[in-house]
Amino acid sequence: MNKFDYFLQHRNGARQAYEETTPATADSNEFLQELRTVFDWIAQETGGMKISRRKFKQRLPEIHKKFPLLATNFARMDANGDCWLEWQEFVEFCLKDESLLRMMKRATSIFVYGVAFNGDQIYKDYHDSKHGCEVSPSPPLLPWETAHVVEWRIEGLSYRGCDKGLPVTCNGRPMVPGAYLASPPFRAAGVQGFLRFWPVGYWNETQKRKKAAVPGFDTEKDPRGPPGVNTWCCVGVCLPAGSNLQLRYYVGNTRSDVKECFWDKGTNSAQLW
């Protein structure tokens, strides 16, 4: 679990514990203890109750490496504007600020982790450069890693009512055949790119009619051919020309075969699933 997922999973429970009338109950919450550790690390003292603006700016390079969302929000955290960040202000910002929650959710929309030979997952944090071998535009595969996994979470996509003839929607907007969603950029396996997802199929209605009229075009069972006219969705990845990777796509619990692809200009059928 990466640090953003951990934050989102424990935020509500910590907020309830913080609002308890008994201080001992709040202090026993694991997430609040983690926030206390972060605050002490920023203040460079144990049990500190406030941090000056000057001290925060002096620590800004280290804060940005570990907690980039906190590094850019001192003014929002300093609720009373006295240039001192108090412990209570820090906790209330982390537990109650809606803009921080939105930024956290956006940060979890796509992330990368490496898979080691023993199955361990090593999440990639581009801001934390403590591993010198990973300081590059895109982290390479390390000697103890077998693969990099790029996970894209699509929020607001609804197939509800499709069996009744209702359209697929994304955040309330109808999706038509041939239209795709693009992921935020990612960096993995030494390359930079983004994913594309066609939630209602790769071909639009006109292309479907033309492809269906071609004798022998039904290539749904051929993994190297273009998507079939009856496929319900399609996924692909866009990488710089000259990239050469072995990859496998996942949608939910379904996975594709391992493909070895070479990227040139545009999109070809071998890059799609």
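Leaving aside neighbours within four places in sequence, aspartate 40 is in contact (heavy atoms within 4.5 Å) with Glu45, Thr46, Gly47 and Gly48. Aspartate 40 is found in helix H3, residues 30-43, where helices are DSSP runs of H or I with at least four residues, strands are E runs of at least two, and both are numbered from the N terminus. Aspartate 40 counts as buried because its relative accessibility is 14%, buried meaning under 20% relative accessible area with a 1.4 Å probe and protein chains only. Its side chain makes a polar contact with the side chain of arginine 36 at 2.8 Å, and the side chain of aspartate 40 also reaches the backbone nitrogen of glycine 47 at 3.3 Å.

This is a predicted model, in which local features need pLDDT of at least 70 and side-chain atom pairs count only at pLDDT 80 or more, while totals for chains, interfaces and linings use all residues. Residues are numbered from 1 along each chain as its sequence is written, and side-chain values use heavy atoms, with hydrogens and water left out.

Aspartate 78 sits in the loop between helix H7 (74-77) and strand E2 (84-86). The backbone nitrogen of aspartate 82 lies 3.3 Å from a polar atom of the aspartate 78 side chain, and, not counting residues up to four places away in sequence, aspartate 78 touches Cys83, Trp84, Leu85 and Glu89.

Turning to helix H1 (residues 3-18), there is a kink of about 45° centred on arginine 11, the bend at a residue being the angle between axes fitted to the seven residues ending there and the seven starting there. Arginine 11 is among the buried residues of H1, which also include Phe4 and Phe7.

How values were computed: Buried < 20%, exposed > 50% of the residue type's maximum accessible area, 1.4 Å probe, protein only. Polar contact = N/O pair within 3.5 Å; in protein donor to acceptor, adjacent residues only side chain to side chain.
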